[in-house]
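Subject: Structure handover

Hi,

Here is the structure I promised to pass on. Please open it alongside this note.

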Amino acid sequence: MRLYLTALKPTDSVTDGFLPAARALGCDVTILTDRPEHHRHPGIEVLGCDVRDARAVIDVIAHHHAPDAIFSNSDHIQAETALAAEYFGLPGKDWRACVAAKNKALTRRRLAAAGVEVVRAVRLAPGDPPPPDLPFPAVVKPREGVASEDVVLVRDAGEFVAAVRAIRDRRPGEALVVEEYLDGPLHTLETLGDGEGVQVLGGFRTRLGPPPYFVEERLDWEPPAGSDHVLRALDALGVGFGACHTEYAMTPAGPRIIEVNYRVIGDHCDFLVADLLGVPLFERILGVHLGARANGAGTADTRPGGGHGTVLSLIADCSGTVAKAPGAVVPPAGDRIRLWHRPLRAVGDRIDQSNTNRDYLGIVRAIGPDRASVDAALTAFNAENPWVIA
């Protein structure tokens, strides 16, 4: 079987998740990317391609090996990948759903039109004047942004003008969304669909850093509250194939969608889900793109077998140079409490604090029989393995 994987930069999810899964499924893999110099995977074919253009993806594949599946885990090229899969008659996502999920202004319009929820939001195109009657406090964000970049809470007109000016300086020509602030605990819902049904894998409770920014500091595995509402929202958007990571707030008025990321959760939370559920998650995700059912024969049940899991992001609290950095940690199998550390920076790296997920120094994930044991392991690791910024 030939799997085409469209990608931008390399990620751990691809390198340590999807590529081993493809090998386990017996796939020959071809990576299509506009950055071939960054992809060095032994035994994997890499072809240069403008993956942001569906026509280019289709052309390269048509003149290469016949495809059995076309897949991407990138936020930025889901629609293009879906169009290519549709062209070749392969299982894949609806490109319209990919666009509606990625474009936060379209997400709001679709959910309101379907009667799922109404969140006051305004699309702000380049050159548009400040809209009247903004719903302060409000959140300003790029219409198609990722990783909390340029997402800011504003409480009055002065803060709004300053935030828009600063974002426009960094993102000239991009449209923004201004929407009411959704106050309440932040949750995620992790799902996997096969086009006929959507399976709930579970969810996380998310802890954010201090406002006005929205940096994710910690995610704890937790039975998802409000999942029925989220599933109705995904259905309204047409999201029902492959992996999806949805973020939502439990407001006093009920669950409200923050954003829909039409791919598997990242920042090593995907590996935590696989470990907690004891399932070959990445194989299962690729499997639906190869025509399998989401909960098909030969796969493990996805009900949690008990225990707790946490992903903790280690974040630079100032700008400077990394003077001390702990190394990678991979626990032996069978430990009562298992803890992994993935350093994202190295000694000598320069850190320019951005108040986004780009400030991560490393990621620690841990699983154990209960939250208290996991918390104790995280506390001990951080005390014994500090990051130092000079």
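This is a predicted model: local features need pLDDT of at least 70, side-chain atom pairs count only at pLDDT 80 or more; totals for chains, interfaces and linings use all residues.

**The annotated domain**

The UniProt record, an unreviewed entry, carries the annotation "domain: ATP-grasp" for residues 108-290. Over that stretch the chain is 27% helix and 34% strand. Its end C-alpha atoms are 32 Å apart.

**Helix α3**

Start with α3, residues 78-87. Of its 10 residues, 7 are buried, so the helix is largely enclosed by the rest of the structure. The buried ones are Gln78, Ala79, Glu80, Thr81, Ala82, Ala84 and Ala85. After α3 comes glycine 89, with a positive phi near 70°.

**Cavities**

How many cavities of 30 Å³ or more does the structure hold? There are 4.

The largest cavity has a volume of about 100 Å³. Elements giving two or more residues to its lining are α4 and β13. By class, that is 5 nonpolar, 3 polar and 4 charged residues.

The second largest cavity comes to about 60 Å³. Here α3 gives the most to the lining, with 4 residues. Both β4 and α3 supply at least two. The lining residues are Ile70, Phe71, Ser72, Gln78, Thr81, Ala82, Ala85, Pro91, Gly92, Lys93 and His289. They split into 5 nonpolar, 5 polar and 1 charged.

Note Gln78. It is one of the buried residues of α3.

Elements that give two or more residues to its lining are α3 and α4. There are 15 lining residues, and Arg52, His76, Glu80, Lys102 and Glu144 lie nearest the centre. The class count is 4 nonpolar, 3 polar and 8 charged.

**Asparagine 261**

Where does asparagine 261 sit? It is in strand β13, residues 254-261. Its relative accessibility is 7%, under the 20% cut-off, so asparagine 261 counts as buried. Its side chain makes a polar contact with the side chain of glutamate 259, at 3.4 Å. Leaving out residues up to four places away in sequence, asparagine 261 touches Asp75, Cys244, His245 and Glu247.

**Helix α8**

Now α8, residues 269-277. This helix is mostly covered, with 8 of its 9 residues buried. Those are Cys269, Asp270, Phe271, Leu272, Val273, Ala274, Leu276 and Leu277. They pack against helices α1 (12-24) and α9 (281-289). They also pack against strands β10 (198-208), β11 (216-221), β14 (308-315) and β18 (360-368). Glycine 278 follows α8, and its phi is positive, near 65°.

**Backbone points to check**

Most residues other than glycine have a negative phi, and most peptide bonds are trans. The following cases depart from that.

- Phenylalanine 136 to proline 137: the peptide bond is cis, with omega near -5°. Proline 137 lies in the loop between β5 (121-124) and β6 (138-142).
- Proline 211 to proline 212: this peptide bond is cis, with omega near 15°. Proline 212 is in the loop between β10 and β11.
- Histidine 268: phi is positive, near 70°. This residue is in the loop between β13 and α8. Its relative accessible area is 10%, so histidine 268 is buried.
- Asparagine 355: phi is positive, about 60°, although the residue is not a glycine. Its place is the loop between β17 (350-351) and β18. At 25% relative accessibility, asparagine 355 is partly exposed.

Best wishes

Terms used. Residues are numbered from 1 along each chain as its sequence is written. Side-chain values use heavy atoms; hydrogens and water are left out. Buried means under 20% relative accessible area, exposed over 50%, partly exposed in between (1.4 Å probe, protein chains only). A polar contact is a pair of N or O atoms within 3.5 Å; within protein, one must be able to donate a hydrogen and the other to accept it, and residues adjacent in sequence count only if both atoms are side-chain atoms. Contact means heavy atoms within 4.5 Å. On a 1 Å grid over the protein atoms alone, a cavity is a set of points where a 1.4 Å probe fits but cannot get out, and a pocket is an open set with protein on both sides within 12 Å along at least five of seven lines; lining residues have an atom within 4 Å of a point. Grid points are joined across faces, edges and corners, and a volume is the space filled by probe spheres set on the points. Ala, Val, Leu, Ile, Met, Phe, Trp, Tyr, Cys and Pro count as nonpolar, Asp, Glu, Lys and Arg as charged, and the others, Gly among them, as polar. UniProt positions are given in the numbering used here, feature names are shortened, and annotations may be inferred rather than shown by experiment.
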